[in-house]
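Open the model in your viewer and keep the selection tool ready. The tour takes in aromatic rings, then a pair of helices.

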Amino acid sequence: MAAGSLLALLDDIASVLDDVALMSKTAVKGSAATFDDVAVLGKTAMKKTSGVLGDDLALNAQQVTGVNPDRELPVVWAVAKGSMLNKVILVPAALLISYFAPWLILPLLMLGGAFLSFEGAEKVIHTFFHKGKEKPAGQAAPLDEKTKISGAVRTDFILSAEIIVISLGVVSSEPIMTQVIILSVIAVLITVFVYGLVAGIVKLDDLGLYLSGLGSNVAKKMGQGILWLAPYLMKLLSIVGTIAMFLVGGSIILHGIPGAEHWLESVLPGNGAGMLAAILTLLVHFVIGLIVGLVIVAVVSLFHKKEHVA
């Protein structure tokens with residue numbers, strides 16, 4: 001249900017591209033690709049980045065925790081500006097790769113899928129094997145606001161790079177102008193979506209307190225419900241984001257293996273068509289992402305152990 005809601009939100013945001021298509025059709029003629037095609041490609045790209053977006057939402061909302069309530073929105077705004085600057089760097093870089101070295105796109109996508117799987121596996125391992133081993137609160141000095149912002153912007157750079165690379169994989173065969181339009185629109189919409197929602201999430205408790213203080217019994221119950229929900233929302237976003245990271249990572253890795261997708265379709269019920277085949281395909285993507293992630297975590301752990309021994 002949570003994953004479906006996230007995809008529904010993304011689909012609503014991506015529908016803006018349909019509006020762009022309708023408004024621009026009469027103004028632009030003779031283009032190699034119609035704006036309807038741009039809309040369809042843009043929607044596909046945004047849906048494929050949903051795994052990163054779920055993680056992006058959770059991570060950025062977590063980055064603001066511990067900030068003075070009066071400074072939460074200014075911090076979110078500062079990180080959002082840093083995120084947009086990241087995309088100003090990443091979008092041209094992606095377009096240059098697409099134009100001058102398109103053969104790099106598939107390896108970059110494979111690396112991106114492996115990185116998503118690795119991050120997801122790290123989260124799972126930390127949750128089940130390292131929970132409760134963190135340093136007690138107060139043992140480390142609290143991070144100042146500038147440090148929190150810079151850390152969040154660095155994290156955003158990695159996640160934004162994943163989003164742009166995944167989106168580039170969808171439109172890499174399109175004319176350069178189509179790529180420019182789609183990547184630019186996605187960069188803006190995703191930034192507005194993520195940080196607008198983060199701002200709403202961090203202010204949920206304020207909304208709950210406000211409604212609880214009103215005279216209406218309905219408003220009070222709504223406020224109490226929001227206050228009860230707020231602590232669980234971050235956990236839910238983190239879980240959804242982690243699952244989606246395995247799904248997206250596994251899908252990218254499978255796509256990069258020659259003939260693997262066609263083989264999978266041939267062994268699935270109905271040659272890959274139907275609800276059961278779709279569920280089994282998602283399960284395969286999840287398992288591939290999980291296995292690849294765990295293998296990379298094991299390799300990285302062995303490497304670190306050898307470094308310590310040396």
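Here are the stops, in order.

This is a predicted model: local features need pLDDT of at least 70, side-chain atom pairs count only at pLDDT 80 or more, and totals for chains, interfaces and linings use all residues. Residues are numbered from 1 along each chain as its sequence is written, and side-chain values use heavy atoms, with hydrogens and water left out.

**Aromatic rings**

Rings of Phe, Tyr and Trp (its six-membered ring) pair if their centres lie within 6.5 Å; planes under 30 degrees apart are stacked, over 60 edge-to-face, the rest tilted. The count is three aromatic pairs.

Select Tyr99 and Phe100. Their ring centres are 5.0 Å apart and the planes meet at 80°, so this pair is edge-to-face. Both Tyr99 and Phe100 are exposed (over 50% relative accessible area; buried is under 20%, partly exposed in between; 1.4 Å probe, protein chains only).

Next, select Trp228 and Tyr232. With centres 5.1 Å apart and planes at 45°, the pair is tilted. Both sit in helix H10 (residues 217-256), four residues apart, about one turn of the helix. Helices (H or I, at least four residues) are DSSP runs, numbered from the N terminus. Trp228 is exposed at 58% relative accessibility; Tyr232, at 45%, is partly exposed.

**Helix pair**

Now show H6 (residues 105-129) and H7 (residues 145-171). Their axes come within 10 Å and cross at roughly 135°. Axes are lines fitted to C-alpha atoms, for helices over the stretch in contact, and angles run from 0 to 180 degrees between N-to-C directions.

Colour the contact residues (heavy atoms within 4.5 Å). Among them are Leu108 and Phe115 of H6, and Leu159 and Val165 of H7.

Technical notes. Helices (H or I, at least four residues) and strands (E, at least two) are DSSP runs, numbered from the N terminus.
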